[in-house]
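Please look over the structure below before reading the comments.

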Amino acid sequence: MGIFDRFRKSRDETATLYRAVVARARQPHWYLAGAVPDTIDGRFDMIAAVLAIVMLRLEDDPAGVRASTQLSEAFVDDMDPQLREIGIGDLLVGKHVGRMMGMLGGRLGAYRDGLAAGDLAPALVRNLYRGESPEPGAVRHVADSLTALRDALATMPTSALLAGDLL
């Protein structure tokens, strides 16, 4: 097996989990009860939020660190063609993807801190709602849902998570 075959195989190992993350982030309750804007930016932010929760869970297990890295690579692989589809030219795609990765990294830190403090709401207003706070019930819905996801994933074996089981 060559180096590129190993690279492709490692990406395939997390493809199912990444698809599950995107499916979870596209559930209507985020956009209805949670008032996440159903726009390109809103969908990106919701995928980043769910992805961050999953990646934070994988960080807690040494066996999940590699998968966490592969998930971020899957995120790049997904965002690249999405950017091209909305008309971003080849010369700018890399710059946009770099900014998206920076945004994901920032969200990982913000959500990690919010979960540790027991209050995701401020981080969500800054990152998911981009500073424009919807009604408190909507923010609470998203905060409670993401916290419940984090709590459920914490009890799940890493192997089940890697198989794409997000409950």
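The points below take the ring contacts, then a helix and one of its residues.

1. The model is predicted. The count of aromatic pairs comes to one. Its members are Phe 44 and Phe 75, with ring centres 5.7 Å apart and planes at 40°, so the pair is classed as tilted. An angle under 30 degrees would have counted as stacked, and one over 60 as edge-to-face.

2. Phe 44 belongs to helix H3 (residues 40–59) and Phe 75 to helix H4 (residues 65–85), so the pair ties together parts that are 31 residues apart in sequence. Both Phe 44 and Phe 75 are buried.

3. A charge also sits over a ring: Arg 26 lies over the face of Tyr 31, at 5.2 Å from the ring centre.

4. Helix H7 (residues 136–154) has 19 residues, which at 1.5 Å a residue should span 27 Å; the end C-alpha atoms are 27 Å apart, so the two values agree.

5. The buried residues of H7 are Ala 138, Val 139, Val 142, Ala 143, Ser 145, Leu 146, Leu 149 and Leu 153. They cover an arc of only 160° around the axis, which means that they lie on the same side of H7. Exposed residues Pro 136 and Ala 154 are carried on the face of H7 turned away from that buried side.

6. Leaving aside residues up to four places away in sequence, Ser 145 touches His 29 and Trp 30.

Definitions and conventions:
Residues numbered from 1 in each chain as written. Predicted model: local features only at pLDDT ≥ 70, side-chain atom pairs only at ≥ 80, totals over all residues. Heavy atoms only, no water. Phe/Tyr/Trp six-rings, centres within 6.5 Å; stacked < 30°, edge-to-face > 60°. Helix = DSSP H or I, 4+ residues; strand = E, 2+ residues; numbered from the N terminus. Buried < 20%, exposed > 50% of the residue type's maximum accessible area, 1.4 Å probe, protein only. Lys NZ or Arg CZ within 6 Å of the ring centre and 35° of its normal. Expected span 1.5 Å × (residues − 1). Arc of directions from axis to C-beta. Contact = heavy atoms within 4.5 Å.
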